[in-house]
Amino acid sequence: MAVIAGIQYPKIRCCYGRLTTAQVNGTTQGGTVVLPAQAVTTSKATITCTTVVNADYVTIDGIRFTAATTAIQASRIFTSAGGDAAVAASLAACINRKSTGLPGVTAAVTSGSTVTLTCAPTHPLPVTMTASAGTIVCVAASGNPNITTVGNSRQITVVDGWVRAIGGAVGGGSCTGINVATTGGVAIAVFIKAALTEGAVLRMGTATNGVAANLNLANAPGVGLKIQAVGADVTTATHLDYCIYYTVGKGNTAT
Amino acid sequence: MAIETFPTVRTVYRNLTVAQVYGAGAGYVLVPGAKGMRYTVTDGWVRATGNFGNAHVTIGDGTTTVVTLIHEGLTNLDILRFGVATNSVATELLTTLLVNTPIRIYSDALETTGTRLEVCLDYVVSHTGGTATG
């Protein structure tokens, strides 16, 4: 990420190459992944509740959750009754409550008395955690009470690109063209068969034949890119050259 | 290859006079050669000032012609993108060029009607071993 006059500009990267027609077709037009998805790893922490009593609390990102005999989620009060598992479940419910919980952080009881917190891929870090007493213990992956470890949550944004047919025009009776799509199947740019003549560079967004509705759309973390035939297998052309320009955004940016 | 290890795209832009490009022995170095480095042109365009009437112009490393721009496509102020049918033959787009070799724009012929040529070239750099650079 370059910074010029205080403004951050992402690097533009280029994924390019030549696919065979068989690769473009894949298995029943499943196509071929040209830019692999990267597994999303999220930032996590655990809160362990052991013999919690009334007035014990945990404060996460400045929001305090306090134990009392009776849970009142709207007031960020979780129960201290019913044993450790019940306490953990009540705390998790408070944290997850949409109106008064923690935005961008999801809590789940992963074992009896342990609540696991998971940050959304774009949630700013660190997430600070403090607890009132030894009955509540907060531990993050980084080994301290704060979530600081940045997860892997890269997001791809396609900003430009082109394709061209090699060895002949793109043919195929029911084939309507070529897609550059996410590995999840969302079309970013559609190249219409009529313009995929041999050797002609067809750019994303070219009127009529290079429909690129999702250009400049940040894809979800963990999503890659693939190139695939649409409608039916490509015939006649032997290869397809492709060139995709993209930027990489980062979630979980440390603040 | 991870998404952040694909090469960074670099861009060079020049506004050149006809004399810098056209004529026997003429030619302009758009990207200087660098030891152990190879270039791959990924895209680009040119724009003429004046209607070019005489000769084609070539971009390449002297051995590989990345793109030949036909003078009929070099009309006043029109952007001519690489690989556009008929007037911009870019067969070797995405071909990795020779190591240590600059990317040049040149024409051995003389041009008498056009006056300037703007060039915008996108390229990536790789080491001799083929490793992309960030």
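Domain bounds here come from an automatic or database domain assignment. The model is predicted.

**Stop 1: the two domains**

Select residues 2-39 and 153-249 of chain A; together they form domain 1. The C-alpha centres of domain 1 and domain 2 of chain A lie 44 Å apart.

**Stop 2**

Select strands β9, β10, β5 and β12 of chain A. They make an open sheet of four strands, in the order β9-β10-β5-β12, with antiparallel pairing. Its edge strands are β9 (105-111) and β12 (136-140) of chain A, and each pairs on one side only. Look along the sheet for its twist, which averages 25° from one strand to the next.

Now keep β5 (residues 44-49) and β12 of chain A. Five bridges hold this antiparallel pair. Show A:Thr48 and look across to β12(A). Which residue is the bridge partner of A:Thr48? The partner is A:Val137.

**Stop 3: the helix across the sheet**

Next, show the buried residues of α2(A). They are A:Val87, A:Ala88, A:Ala89, A:Ser90, A:Leu91, A:Ala92, A:Cys94 and A:Ile95. What do they pack against? Select β5, β7 (63-68), β8 (77-79), β9 and β10 of chain A to see the elements that receive them.

**Stop 4: A:Tyr57**

Move to strand β6 of chain A, residues 57-60, and pick A:Tyr57. Is A:Tyr57 buried, exposed or partly exposed? A:Tyr57 has 18 other C-beta atoms within 10 Å. A residue needs 20 or more to be buried and 12 or fewer to be exposed, so A:Tyr57 is partly exposed.

Show its contacts beyond four places in sequence: A:Arg64, A:Phe65, A:Thr66, A:Ala67 and A:Ser132. Of these, A:Ala67 is 10 residues from A:Tyr57 in sequence and 6.0 Å from it in space, C-alpha to C-alpha.

**Stop 5**

Select β3, β13 and β21 of chain A. Strands β3(A) and β21(A) run antiparallel, joined by eight bridges. Within β21(A), A:Tyr245 stands opposite A:Cys14. Strands β13(A) and β21(A) are also antiparallel, and 11 bridges join them. Here A:Arg164 has A:Asp241 in β21(A) as its bridge partner.

**Stop 6: where chain A touches chain B**

Bring chain B into view. The contact takes 19 residues from chain A and 17 residues from chain B. Which elements give two or more residues to the chain A side? They are β3 (13-20), β13 (155-166) and β21 (239-249) of chain A. By type, the residues on that side are 12 nonpolar, two polar and five charged.

**Stop 7: A:Val248**

Finish on A:Val248, in strand β21 of chain A. A:Val248 is partly exposed, with 19 other C-beta atoms within 10 Å. Setting aside neighbours within four places in sequence, A:Val248 is in contact with A:Pro10, A:Arg13, A:Arg154 and A:Ile156, and across in chain B with B:Ile3 and B:Glu4. For scale, select A:Gln73 as well: A:Gln73 and A:Val248 are 175 residues apart along the chain, and their C-alpha atoms are separated by 39 Å.

Technical notes: Residues numbered from 1 in each chain as written. Chains lettered and ligands numbered in written order. Predicted model: local features only at pLDDT ≥ 70, side-chain atom pairs only at ≥ 80, totals over all residues. Pairing = 2+ DSSP bridges. Axes fitted to C-alpha atoms, helices over the stretch in contact; angles between N-to-C directions. Contact = placed C-beta atoms within 7 Å. Nonpolar A, V, L, I, M, F, W, Y, C, P; charged D, E, K, R; others polar.
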